Amino acid sequence: MNNTILSVRGAGKSYKSGPETLQILKEVNLELQAGQSIAVMGASGSGKSTLLNLIGGLDNADCGEIESCGFQVNQLKEKELTAYRSKAIGFVFQFHYLLKDFTAAENVMLPMLMRGIPRKQAKAQAEEALEQVGIAARSGHYPAQLSGGERQRAALARALINRPKLILADEPTGSLDEEHRSLVEDLIFSRIAESGTALLLVTHSGELAKKADRTMLLREGLLQNP
Ligand SMILES: Nc1ncnc2c1ncn2[C@@H]1O[C@H](COP(=O)(O)OP(=O)(O)OP(=O)(O)O)[C@@H](O)[C@H]1O
Ligand SMILES: [Mg+2]
């Protein structure tokens, strides 16, 4: 049985900056199986978030192929892209991107409502998810009324709520204290163990990286063994 959730082959990405072209990713190759976790490390500016954005369908690769959860990500039309983003993957961004006009609970409910789950059921599940990340008491707060770490945890609850096949997490514990960091890490890794979710995790923390099955290093536009 083929259990490959993510396959990236020869992905490249450059940005134009004035007359110069910055080749951020040269030729990235990566495979991730169901239930497997890979931590990506690398210097600031090496292209880690860029890579997650390509896989998450938020930006287009210049070349190469990205197949994720059965979708050819670089060939998707807008409608399929929305389906891919809202159903197949859970993206935990480096910066939280909660919608500011919605409460924490409503932010978490949104991916479920997009899937057609009735409001009452979505609400109950969102409350439970917020409980899991330790901010049930803040469910009615708007993002501006949450601390940085609370926002990060609400964003995590939102990313996990649809039980995605693939979790893309960019520094998911960057703004958390030690206690909440381990709570969030345990939640992510228990989800992988329980439901065979695959995880691609970007982190600067060697300790967090150790919890993944494998660590890779992004350097000079290539994903390498450390
Ligand atoms: N939209 C853009 N236009 C031009 N340059 C960009 C754009 N997005 C990213 N870059 C450049 O690409 C490089 C890689 O950025 P990226 O955000 O992927 O780094 P990173 O590895 O995630 O760094 P960090 O660890 O600081 O989060 C940076 O030098 C950045 O300036
Ligand atoms: Mg980054």
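**Labels and their grounds**

Author: Start with Asn74. Asn74 is partly exposed, with 19 other C-beta atoms within 10 Å. The model is predicted.

Reader: Why is Asn74 called partly exposed?

Author: Buried needs 20 or more such atoms, and exposed needs 12 or fewer. Asn74 has 19, so it falls in between.

Reader: Where is Asn74 placed?

Author: Asn74 sits in the loop between strand E5 (71–72) and helix H2 (78–88).

Reader: What does Asn74 touch, leaving out residues up to four places away in sequence?

Author: Its contacts are Asn60, Ala61, Glu65 and Ile66. A contact needs C-beta atoms within 7 Å. Asn60 is 14 residues from Asn74 in sequence, yet the C-alpha atoms are 6.2 Å apart.

Reader: Which residues surround ligand 1?

Author: The shell includes Tyr15, Ile24, Lys48 and Gln94. Strand E1 (4–17) and helix H1 (48–55) each give two or more residues. H1 gives the most, with 3.

Reader: Why are strand E6 (89–92) and strand E10 (222–224) said to stand at the edges?

Author: The open sheet runs E6-E7-E8-E3-E9-E10, with mixed pairing. E6 and E10 each have a single partner strand, so one side of each lacks a neighbour in the sheet.

Reader: What makes E6 and E7 a pair?

Author: Pairing needs at least two bridges. E6 and strand E7 (residues 166–170) have 4 and run parallel. In one of the bridges, Ile89 has Leu166 of E7 as its partner.

Conventions:
Residues numbered from 1 in each chain as written. Chains lettered and ligands numbered in written order. Predicted model: local features only at pLDDT ≥ 70, side-chain atom pairs only at ≥ 80, totals over all residues. Contact = placed C-beta atoms within 7 Å. Near = placed C-beta within 6 Å.
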